[in-house]
Amino acid sequence: MRPTAKFSISFGLVTIPVAAYNATDSSTSVSFVRIHTADGGRVRNQPVCSLEDVEISPDEIGRGYKPDDRDTVVPLSDDDLDALPLPTAKTLTILAFVAGGDIDPLQMGKGYYLGIDSPAAAKPYVLLREAMERHQRVGLGKIALHGRETLAMIRPMEGALVMQVLLWPHQIRPMDGVLPERQPEVAPAEVAAAETLMDSFGELSEDDVHDHYREALEEIVAAKLAHREPEFPAGEEQPAGQVMDLMAALQDSVRAAKKSRGEDEGTEGAPGGGGSGRGTKKSTAKKTAAKKSTATNTAAKTAAKTAAKKTSAKKTAAAKKTAGRGGRRAG
């Protein structure tokens, strides 16, 4: 891998030269090209000068900045950008260490692996990584990348340091008009049912994180090239439509999740105490009553046998006494 940038991490008076490597690969995602529907020709974006209306070669393209209060575009050269008095142009200065949960996920941008850029950087690199791991904190700072300054988060991951580019707070739009004007009320039983459904999902599998869309698209392309119909594996049709009974939908979802994992639907009651849960409870109650009845009958039989033995013993003792008295009288 080739580094996309090189800079230093400033950790107090400790300086760590690092090289940044792209952590993600967007080239593997599905992408389309624009075509002319009449003949299939490629439609390309040609760089054209707005004043001369002629195509411009790449070596004639530079950078300019348009102020908000003006219509004029000011040309900027590489020398102009290099002369910016920004310490972040060469150094990522850590400003604070915070808990990772304090970072709004909406601010998360592109990720980079950070590797050491000199042998002398190895020890302070490991020191910073282990300190953040033990302290359970991430570092926040600022760095200038690709011609612009940005917030950045540094965190340890699998023995390395990773940098995540963050959006500025003003780049996060407010949620005006997103939430409904009137919040619906949710019953505690419905929340409990939703939690039961969440627990029934289980862990992610390799198939869950596989790009099936890309495979299906490639099958369509291959079929078109071979002048045949695409072949797709048969899958279960997902239910669609508006949910009218929320509790029933939650209960059905739990049963479907258990069925997909091969679990017995009758092992537990459905969330909210409805449906199959009642049948399970009735079956269990019948079994318990049968066991109690059997135990009662057994106890009754045992008591009867014990009473019979006691009666027989009393009769034997009485007979012996009677026989003894008769013997004494005869003598």
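Here are some numbered notes on this predicted model.

1. **Overall make-up.** The chain has 331 residues, and 18% of them are buried. Its secondary structure comes to six helices and nine strands. Take the contacts between residues at least 6 apart in sequence: 57% of these join residues at least 24 apart. As for the surface, the accessible area of the chain is about 26000 Å², with 55% of that belonging to carbon and sulfur atoms.

2. **A nonpolar patch.** Have a look at Tyr65, Val74 and Leu76, which make up a nonpolar patch on the surface. Together they have about 270 Å² of accessible area. Tyrosine 65 sits in strand E3, which covers residues 63–65. Is this tyrosine 65 buried or exposed? Its relative accessible area is 52%, so tyrosine 65 counts as exposed, the cut-off for that being over 50%.

3. With 48% relative accessibility, aspartate 207 is classed as partly exposed.

4. **Glutamine 107.** Glutamine 107 belongs to the loop between strand E5 (91–98) and strand E6 (108–116). Why does glutamine 107 count as buried? Because its relative accessibility is 16%, and buried means under 20%. What does glutamine 107 touch, leaving out residues up to four places away in sequence? The list is Leu151, Val165, Leu166, Leu167, Trp168, Pro169 and Ile172.

5. **Aspartate 53.** Now for some backbone geometry. Aspartate 53 is not a glycine, yet its phi is positive, at about 60°. You'll find aspartate 53 in the loop between strand E2 (14–22) and E3. Its relative accessibility of 64% makes aspartate 53 an exposed residue.

6. **Glutamate 158.** Which phi value does glutamate 158 have? A positive one of about 50°, although glutamate 158 is not a glycine. The residue lies in the loop between strand E8 (148–157) and strand E9 (160–166). Glutamate 158 is also exposed, at 78% relative accessible area.

Methods:
Residues numbered from 1 in each chain as written. Predicted model: local features only at pLDDT ≥ 70, side-chain atom pairs only at ≥ 80, totals over all residues. Heavy atoms only, no water. Helix = DSSP H or I, 4+ residues; strand = E, 2+ residues; numbered from the N terminus. Buried < 20%, exposed > 50% of the residue type's maximum accessible area, 1.4 Å probe, protein only. Contact = heavy atoms within 4.5 Å. Areas by Shrake-Rupley, 256 points an atom, 1.4 Å probe, with all protein chains shown as cover. Patch = residues over 30% accessible without salt bridge, like charges linked within 9 Å, V, L, I, M, F, W, Y side chains within 5 Å. Salt bridge = Lys/Arg side-chain N within 4 Å of Asp/Glu carboxyl O.
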